[in-house]
Amino acid sequence: MLRIGIIGTGNIGTSHARSLAAEVSGAEVAWVYDADGARASEVADAVGARAASSPEEVVASSEAVLIASPDALHAEQALLCLDAGRPVLCEKPLAPTVDEALAVMAAEVDLGQRLISLGFMRRFDPGYLALKAAIPSVGSPLIVHNVHRNAFAPYGLTSSGTLTNSAIHEIDINRWLLDDDYATVQVITGRPAPDAPPGEFDPLLVVLTTTSGVIVEIEAFVTAHYGYEVTCQVVCTDGVLDLGDGHYVTRTAGGVRGQAIPELWLGRFGDAYRSELQAWIDATLRGAACGASVWDGVVATITANAAARSITDGPQRIDLPPRPALYG
Ligand code: ISE
């Protein structure tokens, strides 16, 4: 049994703790840390773990670490884990800023071993896996239309936060779907929705082009009020593929036909999170990493930051550093 330490017990850290304890084989939650000590103890009690007094204690006492702290802490905690030689599942983003993301990559490259798996869980979602597998059956992609709506912004709302925390999922998953990198990005803003603080925009329309010329368009709207919704439509030369939220039950009764809409992403992506955790435990037991790499995280952070710059400075080119040999 791999003894896992969890740093951060917000929504996703708590969900991972419960899932590791009850749904995933080969691991147990041994240590839990949160800046809110009462919260950490509550989660630790629920999963038979111990509450730690610092991230350092978690890293020193566990065999592998799951980082689910606020985005701004991911890089420094990932560096702590690399220093101690611990395998890590780090929630997305790798870091909100490019400098921090590059610092983590430099440290992993120096180590010469992939210890970090990055939590872009959509790569494990049955819907996205089926979508990727179906693309060759309808020719080659021309345009991808993505919708990413949250009912509310639990961590506060800034335009750049929407890009580095929410739309970064589409930035990663479209690159993975298309096996292509981005060449340019432009964000279009309009009339802000009522919950957007002064000077910030919501929704955002992100328009990217890939190096082979596919257009990727993302509506990122984090105060949509009605619920959580993620959809993806791939328009190809010989047909169109739609990934909707179709795995919910459609209820027809009392003269009304409809589907319940989840309030949070844990509902829509529950299967993806579970498969991701199992894949990470299996990979760690084999001494490997899985899913998105630190390189994927660096590319996503560079792209999200270029998108944020384009709000004030117009269309941006996406220039990537050389890809280290460690990432194939
Ligand atoms: C959150 O952190 C997630 O990762 C969700 O999947 C995403 O939909 C949401 O916008 C983020 O805030």
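Predicted model: local features only at pLDDT ≥ 70, side-chain atom pairs only at ≥ 80, totals over all residues.

Colleague: How many salt bridges does a search of the whole structure find?

Modeller: The search finds 13.

Colleague: Why do such side chains pair at all?

Modeller: Opposite charges can pair when the charged atoms come close.

Colleague: Okay, Arg 149. Which side chain does Arg 149 meet in a salt bridge?

Modeller: Glu 229, at 3.3 Å from N to O.

Colleague: New topic: helices. What about Arg 274 and Asp 271?

Modeller: Their side chains form a salt bridge of 2.9 Å, N to O. Both lie in helix α10 (residues 270–285). They are 3 residues apart, so about one helical turn separates them.

Colleague: How accessible is Arg 274, and what about Asp 271?

Modeller: Arg 274 has a relative accessible area of 34%, so it is partly exposed. Asp 271 is partly exposed too, at 40%.

Colleague: Now Asp 319 and Arg 317: buried or exposed?

Modeller: Both are exposed. Their side chains meet in a salt bridge as well, at 3.7 Å from N to O.

Colleague: Last one. Which residues are linked in a network of salt bridges?

Modeller: Arg 123, Asp 172, Arg 175, Asp 181 and Asp 296.

Terms used. Residues numbered from 1 in each chain as written. Heavy atoms only, no water. Salt bridge = Lys/Arg side-chain N within 4 Å of Asp/Glu carboxyl O. Helix = DSSP H or I, 4+ residues; strand = E, 2+ residues; numbered from the N terminus. Buried < 20%, exposed > 50% of the residue type's maximum accessible area, 1.4 Å probe, protein only.
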